[in-house]
Amino acid sequence: MFDSKIRPLIDPMLNAQGQVIARAGISANQVTLLGLALGLLSAVMIVYGLFALALLPLLLSRLADGLDGAVARASEPSDFGGYLDITCDFLFYGAVPLAFVLADPGQNAVAGAFLLMTFYVNGTSFLGYAVLAEKHKMKSTARGVKTLYFTGGLLEGAETIGFFVLLCLLPAWFAPMAWVFGALCLVTASSRVLLALRVFHRD
C-alpha cells in the first residue's frame, strides 16, 4: 500500500549508494546474498529469544534488498538477478515467522502456520500476476524499476517489514498479530485475483 509512495523518497538515495557500491566492484547479486544472510541471521537470533537485537540484521537485510536493485541499475541488470532477488525475499519472509514458531512452538505454532499459509497464497497471487503481465508486455515503475511486474495491494513490502519490526518489539503478541496480518494477506491476495479477473479474463 505504501511502497509506491515511499519509492520516490528513497530511490534517489539508494541509486546514489548503488553507484558507489558498483564502482567498488561489488555485484548486485552479492548484495542480494548479503541481505539474505543478514535476514537469516536475524531469524536465528529470534529463535534464541534475542528479539530486540534481531532488529539490526533484519533492517540491514532490508536495506541490502533495496540496494541490490540500485547496484544492478548502476552496472548490468540481469533477469537472473531479479530472479535471485525475489527468491531470497521469499526465503526471508518465510524464515522470520518460522523463527517465532521455533522460539515458542506451544504459543505460536498454529498462528505461525496460518501466517505462512497466507504468505504462500499472497506470494502465488503476486507471481502469477507477474507472469501474465509479462505475457501481455505490461510495464510499471510505480514501485521502482523491477525485473518483475509488481502489483499493488493492501500489504506490500513496507507493511511486511513494519510487521516484522513490531513482532520483534512485541514478541509476546506474535499469535494475535499473526492472525490479523494473515487475514489481511488473504484480503490482499483476493484483491489481486479480482484485478487479474478484470484484466485477463478474456484471454
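Colleague: How much of the chain counts as buried?
Modeller: Of its 203 residues, 41% count as buried. Keep in mind that this is a predicted model.

Colleague: And the outside, what does the accessible surface come to?
Modeller: About 10800 Å² for the chain, with 70% of that belonging to carbon and sulfur atoms.

Colleague: OK, secondary structure. How many helices and strands are there?
Modeller: The chain has 7 helices and 0 strands. Going along the sequence, the pattern reads α-α-α-α-α-α-α.

Colleague: What share of the contacts join residues at least 24 apart?
Modeller: That would be 78%, taken among contacts between residues at least 6 apart in sequence.

Colleague: Let's do helix packing. At what angle do H3 and H4 cross?
Modeller: Roughly 165°, and the axes come within 11 Å. H3 covers residues 55-74 and H4 covers residues 79-103. Angles over 145 degrees count as roughly antiparallel, so that is the label for H3 and H4.

Colleague: Left-handed or right-handed?
Modeller: The H3 and H4 crossing is left-handed. On the H3 side, the contact is made by Leu58, Ser61, Arg62, Asp65 and Asp68. H4 brings Asp85, Asp89, Phe92 and Tyr93.

Colleague: Phe92, then. Buried or exposed?
Modeller: Phe92 counts as buried because its relative accessibility is 0%, and the cut-off for buried is under 20%. Phe92 sits in helix H4.

Colleague: What does Phe92 touch, leaving out residues up to four places away in sequence?
Modeller: Leu36, Gly39, Leu58, Ser61, Arg62 and Phe164. Leu58, Ser61 and Arg62 also turn up on the H3 side of the contact with H4.

Colleague: How far apart are the C-alpha atoms of Phe92 and Leu36?
Modeller: They are separated by 6.5 Å, while the two residues are 56 apart along the chain.

Colleague: Switching to Thr32. Where is it?
Modeller: In helix H2, residues 28-47. Thr32 has 6% relative accessibility, so it counts as buried.

Colleague: Which residues does Thr32 touch, again not counting those up to four places away?
Modeller: Asp68, Leu84, Asp85 and Cys88.

Colleague: Next pair, H5 and H7. How do they pack?
Modeller: At an angle of about 20°, with the axes 8 Å apart. Angles under 35 degrees count as roughly parallel, so H5 and H7 get that description. The crossing of H5 and H7 is left-handed.

Colleague: Pick something in H5 for me. Where does Thr118 sit, and is it buried or exposed?
Modeller: Thr118 lies in helix H5, which runs over residues 105-135. Thr118 is buried, with a relative accessible area of 0%.

Colleague: What does its side chain reach?
Modeller: The side chain of Thr118 reaches the backbone oxygen of Leu115, at 2.7 Å. Not counting residues up to four places away in sequence, Thr118 touches Gly182, Cys185 and Leu186.

Colleague: And something in H7. What about Val193, buried or exposed?
Modeller: Exposed, because Val193 has a relative accessible area of 52% and the cut-off is over 50%. Val193 is in helix H7, residues 174-200.

Colleague: How far is the C-alpha of Val193 from that of Ser125?
Modeller: The separation is 6.7 Å, and Val193 and Ser125 are 68 residues apart along the chain.

How values were computed: Residues are numbered from 1 along each chain as its sequence is written. This is a predicted model: local features need pLDDT of at least 70, side-chain atom pairs count only at pLDDT 80 or more; totals for chains, interfaces and linings use all residues. Side-chain values use heavy atoms; hydrogens and water are left out. Helices (H or I, at least four residues) and strands (E, at least two) are DSSP runs, numbered from the N terminus. Buried means under 20% relative accessible area, exposed over 50%, partly exposed in between (1.4 Å probe, protein chains only). A polar contact is a pair of N or O atoms within 3.5 Å; within protein, one must be able to donate a hydrogen and the other to accept it, and residues adjacent in sequence count only if both atoms are side-chain atoms. Contact means heavy atoms within 4.5 Å. Accessible areas come from the Shrake-Rupley method with a 1.4 Å probe; for residues, only the protein chains shown count as cover. Axes are lines fitted to C-alpha atoms, for helices over the stretch in contact, and angles run from 0 to 180 degrees between N-to-C directions. Angles under 35 degrees count as roughly parallel, over 145 as roughly antiparallel, 65 to 115 as roughly perpendicular and the rest as oblique. A crossing is left-handed if the near helix is turned anticlockwise from the far one by less than a right angle, and right-handed if clockwise.
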